[in-house]
Amino acid sequence: MKLPFPLSRILASLAESAAADMGLAMAIAIVDHEGLLQYFARMEGALPASTEIAISKAYTAAALRMSTREVGQMALPGHPLYGIQHTHAGKIVLFGGGFPLKLRGQVAGGIGISGGSVEEDERVAWAVLDTLGEVECLAESIKPLLRGKPQGTNWMSYLERCLEKAFLKEGCFITHEFISILAGAFIIASDDNS
């Protein structure tokens, strides 16, 4: 299973919102199931070193199918992955902030967050992981309503605008973040119908 590209943009946007809410400038990397960079954002004021760290955290999480914190624990002397940080051209990270992104129980990608303390990086990533869980649950409810995958190269933006207009027409105020979550659920649901 591969993470749909439009969903990676939504997840990065959610991470950016979470970081901004914490008053932090961070680098956010989303990779596909093989660890290849799919989406990257660096907030204004983020440390330059955060760029490569975020990308490497995402790569580590996707390639090894576990959080970077778990990799770090398994790489301690006497443990099964001792020395792994010296492989893969130094792209393996042994401290927190990288997590696999799962869809339908399978690793579909990875997220790497860098710019705060390890705990702050993980908090931002957990906000994204929690929301991804909500998106996936909502996608299961939406799936039966879809008759086919929306067409067009920019259907994601079109979908977000349509959802926003529909809710406004009904007099409902919803946040752009919720529109993104709903659009992500449509992406997952329609991806299942292809």
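Select R69 to begin. R69 is partly exposed, at a relative accessible area of 35%. The classes are: buried under 20% relative accessible area, exposed over 50%, partly exposed in between (1.4 Å probe, protein chains only). This is a predicted model, in which local features need pLDDT of at least 70 and side-chain atom pairs count only at pLDDT 80 or more, while totals for chains, interfaces and linings use all residues. Residues are numbered from 1 along each chain as its sequence is written, and side-chain values use heavy atoms, with hydrogens and water left out.

**First salt bridge**

E122 and R69 form a salt bridge, with the closest N and O atoms 2.7 Å apart. Salt bridge here means a side-chain nitrogen of Lys or Arg within 4 Å of a carboxyl oxygen of Asp or Glu. The pair links distant parts of the chain: R69 is in helix α3 (residues 68–74), E122 is in helix α4, and they are 53 residues apart. Helices (H or I, at least four residues) and strands (E, at least two) are DSSP runs, numbered from the N terminus. E122 is buried, with a relative accessible area of 10%. Side chains of opposite charge can pair when their charged atoms come close.

The structure holds two salt bridges. For the other, select K57 and D121: their closest N and O atoms are 2.9 Å apart. K57 belongs to helix α2 and D121 to helix α4 (residues 118–142), 64 residues away in the chain. Is K57 buried or exposed? K57 is buried, with a relative accessible area of 0%. D121 is buried too, at 2%.

Now show what surrounds K57. Beyond its neighbours within four places in sequence, K57 is in contact with residues including T68, V93, F95, I111, S114 and D121. Contact means heavy atoms within 4.5 Å.

Axes are lines fitted to C-alpha atoms, for helices over the stretch in contact, and angles run from 0 to 180 degrees between N-to-C directions.

Colour the strands next. What is the strand order of the open sheet? The order is β2-β1-β4-β3, four strands with antiparallel pairing. The edge strands, β2 (37–42) and β3 (98–103), each pair on one side only. From one strand to the next, the twist averages 20°. Two strands pair if DSSP finds at least two bridges between them.

**Strand β1**

Select residues 27–32. This is β1, joined to β2 by five bridges in the antiparallel sense. Six bridges join β1 to β4, also antiparallel. Pick I30: its bridge partner in β2 is Y39, and I30 stands opposite I111 in β4. Move to A27, whose bridge partner in β2 is R42.

Turn β1 over. Both faces are covered: A27, A29 and V31 are buried on one side, and I28, I30 and D32 on the other. Follow the chain out to G35. This residue takes a positive phi near 90° in the β1–β2 hairpin, which has four residues between the strands.

**Helix α1**

Finish with residues 5–21. The 17 residues of helix α1 should span 24 Å at 1.5 Å a residue, and its end C-alpha atoms are 25 Å apart, which agrees. The expected span is 1.5 Å times one less than the number of residues. Buried residues in α1 include P6, L7, I10, L11, L14 and A18. Just after α1, G23 takes a positive phi of about 75°.
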